Amino acid sequence: MAPRAVCDAASLSFGEGLEVLISRKLDTLSPGEILEVSSDDPSIEHDLRAWSRFMAHEWRGMRVENSRFICSIQRGAAQRIIAKRLPLEAVTNIPAIANPQTGFSPRGATVEDGSPGFPFDVLDANLAWNPEAATLYERAVSAQWNAATDILWNALPAIGLELEQSVCQLMTFLAENEFAALYVPAKWIPRIHPHFVETIMFLSTQICDEARHIEVFVKRALANGGGLQFSSASTERSLKTLLDREDFLEASFLLSVLGEGTFLDLLRFIEAHAPDAVTAEIARRSRIDEARHVQFSIAHMKHAIESDPNFKQKLAAAARERAASLAEVRSVNPLVEESLIVLAAGGLQPDRLPAGVRAVRELYDTMHENRIKRLQQIGFSSEDSEHLSQSHTPNFM
Ligand SMILES: [Fe+2]
Ligand SMILES: [Fe+2]
């Protein structure tokens, strides 16, 4: 019988890697085919014969040619590890319902039976998959910035006590909201099946973004010596409802479409009225990151609602339930509102404060209008959007 494959083992022996070389060669053969191994080492006859028997291959003898030892092995029927590799498309095939028995194996890998079950409970592609995740992940990776070196901290001027205090109050408020924006996706990552890896990877960039936002807002609060200010119980109550929600789709909707969406307008306002270029730049850079988080979530919700229209009612119910649980929270932390007014007025001059008050009222209107637009974008009627936006937490997030 002619050999199907040949392999030159030089003077390699067992224990030096000969078994690896031969095993890999035999993997490429079908049961019954012959592998010919040539070696300079006469001890190969004894060792290879024993190894073949042990591995359920058939030893077919040895001959000597030109002082080399030529051994023949007929491949046995036993498969070493796997019978068949999955086709390459398995890498891109998104499962409709993922199997928790595949553990942390990457999508497309062949998984041995007997792995432990993992506690992932977001297994449904309708809930976990996002068609824009891969693109937004790429964008997020190339848009990372450094809160320590990309901000011109040395250029930060002194801006007077009232304005500085207002900026520091806003930075405190932003930072606490950023913690919610970090903890909520972080809570969901271990629950989403790894075969929805694009979603996981995007959420990981979101967590990095939020960490940087916490860093940059706290740095700004400290930079001129003002320090961190007041954190209200109402803000914390509002944020805790986001962390408490036990449904990935609902949590993303409340956090990112409604909360982070509203923050886009808040950050734009702070950028426009910032008393110094450093604060404006911080708000600008953070807003660009937030816009990505909002875009991700809108695509996520649209995909979910398109795959199952009932999700729309579920999201609306979650928003109503949250509003009911926050009924006692009637306004944002008053010190935050005051600080926004002072920023827009450029200080405490009595002739300028009315303009500050008007600007903040306009901000609330803009937030409401843009929330409605986003809700309509994901498929809510204008009436439902109006109601849902109206009942959104006055804490913005
Ligand atoms: Fe953020
Ligand atoms: Fe965010």
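Helices (H or I, at least four residues) and strands (E, at least two) are DSSP runs, numbered from the N terminus. The model is predicted: local features need pLDDT of at least 70, side-chain atom pairs count only at pLDDT 80 or more, and totals for chains, interfaces and linings use all residues. Residues are numbered from 1 along each chain as its sequence is written, with chains lettered from A and ligands numbered from 1 in the order in which they are written.

Helix H10 spans residues 310–325, 16 residues in total. Its first and last C-alpha atoms are 23 Å apart, close to the expected 22 Å (1.5 Å times one less than the number of residues). Burial was assigned from C-beta atoms placed from the backbone: buried means 20 or more others within 10 Å, exposed 12 or fewer, partly exposed in between. Phe311, Leu315, Ala319 and Arg322 are the buried residues of H10. They fall within an arc of 80° seen down the helix axis, so they line one face of H10. The arc is that of the directions from the axis to the C-beta atoms. Asn310, Gln313, Ala317 and Ala324 are exposed on the other side. The cover over the buried residues includes helices H7 (233–244), H8 (248–273), H9 (277–307) and H13 (382–390). Contact here requires C-beta atoms, placed from the backbone, within 7 Å.

Ser67 sits in the loop between strand S3 (58–65) and strand S4 (68–74). Ser67 has 7 other C-beta atoms within 10 Å and is therefore exposed. Phe396 lies in the segment after H13. Phe396 counts as buried, because it has 23 C-beta neighbours inside 10 Å.

Methods: Contact = placed C-beta atoms within 7 Å.
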